[in-house]
Amino acid sequence: RRAVAPVSVPADGARVSATIDLPAGDVSLAGRVVFEDETPFRGPVIVSAAVGQMGPFMPARGPQAQTDAEGRFSVGGLAPGTVMVTAVAPGSIRAMGLPIKLPYEGDYVLTIGAGGVPIKGKVVDAETQQAIPGATVVAGGGSPGAGFVVRTTQADAEGRFELEVPGVEGGMLAMAPGFGTQVVELRGERPEDLVVPLPKLAVLRGQLTAKASGEALAGVPVYAVPAEGFGGFSFPASTVTDGEGRFTLDDVHPGNSSVFAYGSGWVTEGLAGMQPRRGGGSAPTVRLKPGEEQQKDHTAVPAGTVEGRVVSAGKAVPGAGVSLERGNDFMRGIGARLGMSSGLVPAVTDRDGRDASDSVIPDVDVHLSTPAVVFATAKTDPFTVASGARETRDNELEAARWMTVTVLYAATELPVRN
């Protein structure tokens, strides 16, 4: 079982309290993980939601179990729904099966394909072309036995690497401390000596203050989201302001980035005006060169607050996810970039079905969305919240209607598994 309770830590060393309500889960999944030659796989097996993942290169999160000597595993406390099974050998291989539906009848078997197409290359500094020793290289591709297989290796002292990728098509990424992540698409024939350039990360420092009073804002999250490669792997940089409102972002991808404060009751004014691939509309934008250090202060305004209750047939629904969604495509996109499945203000209802979000962007049309496992997704009518204001919105859930579908191979009575 897995639950989330959003909290804000105002400063280094501060203490906060949180109540985490675990949703009930009474479904189990048992099975076996083996290689193509029937050798049992030894390692952790993770069962994660099949939706909302950031891609096959990102770590799987969810309940897990260790396989035994025969490669068998059993994971309990799961909720009904669509999941993916991932087998992990840390630093070596990660195999993901195709999505399956829980409850699952019988034993689930994940077969890890062996070998693949060899990939050789070198990781270098994009500016100096010097080798980057110890760089991590991750490559993956489709495998007949699993949905996707990812292999990992480290570059040697000369920046060189070699590994095998299952399937004809796939992808590769290289990363190293102090450098941006580079993604390489793998299709058809592969170069015999692939050169992967990594840009040096930049540093941005500043102080965050309240626009009206000028007071320093402590404990507020600050983000730098790259404008280029919006759908790629140029990850956002983030930090939290210290007791004097100061912040340091030491892992900013070079190029244009939209820099903003968002959280703990404060938000950058004009955040809703940001546009994808343009570096930001009315929100502050910086341009950083590889390895550059820059100082730039920022201001923020009080955010709005939305609180309410999720009920069904008059009864509270605990553990329901509640998100504020917007019509602006970029705002929804930024939610995904920051690791949020939907909208920018995710919350989880407590045991009384209550939820609250204190970082609502002022004067922007939003609506509450509440998806739940055994309920149909509910959405409120659009509304706005003024800066510093508080609104109350409740959500009524209806029981979901379920349909069972069996997929058969053409001209046969054989069911298609997985």
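Visitor: What makes S1 and S4 a pair?

Guide: Strand S1 (residues 27-35) and S4 pair in the antiparallel sense over five bridges. Two strands count as paired if DSSP finds at least two bridges between them, so five bridges meet that rule. Val27 stands opposite Leu78 in S4. Strands themselves are DSSP runs of E, at least two residues long, while helices are runs of H or I with at least four residues; both are numbered from the N terminus.

Visitor: What is the source of the model, and how are residues numbered?

Guide: This is a predicted model, with residues numbered from 1 along each chain as its sequence is written. Local features need pLDDT of at least 70, side-chain atom pairs count only at pLDDT 80 or more, totals for chains, interfaces and linings use all residues, and side-chain values use heavy atoms, without hydrogens and water.

Visitor: Which strands form the open sheet, and in what order?

Guide: Three strands form it, in the order S4-S1-S8, with mixed pairing. Strand S4 (72-78) and strand S8 (108-112) are the edge strands, as each pairs on one side only. Neighbouring strands are turned by 25° against each other on average, direction ignored. In general, strands of a sheet pair through backbone hydrogen bonds, either parallel or antiparallel.

Visitor: Why is Thr86 called buried?

Guide: Buried means under 20% relative accessible area, exposed means over 50%, and partly exposed is in between (1.4 Å probe, protein chains only). Thr86 has 2%, so Thr86 is buried. Thr86 sits in strand S5 (residues 81-89). Contact means heavy atoms within 4.5 Å. Not counting residues up to four places away in sequence, Thr86 touches Pro44, Val45, Ile46, Ala60, Arg94, Ala95 and Met96.

Visitor: Why does Arg287 count as exposed?

Guide: Its relative accessibility is 55%, so Arg287 counts as exposed. Arg287 lies in strand S22 (residues 285-288). The C-alpha atoms of Arg287 and Pro226 are separated by 9.6 Å, although the two residues are 61 residues apart along the chain.

Visitor: Why is Tyr409 called partly exposed?

Guide: Tyr409 has a relative accessible area of 48%, so Tyr409 is partly exposed. Tyr409 is in the segment after strand S33 (395-396).

Visitor: How much of the protein counts as buried, and how many helices and strands are there?

Guide: Of the 418 residues, 44% count as buried. The protein has one helix and 33 strands. Among contacts with a separation of 6 or more, 64% join residues 24 or more positions apart.

Definitions and conventions
Axes are lines fitted to C-alpha atoms, for helices over the stretch in contact, and angles run from 0 to 180 degrees between N-to-C directions.
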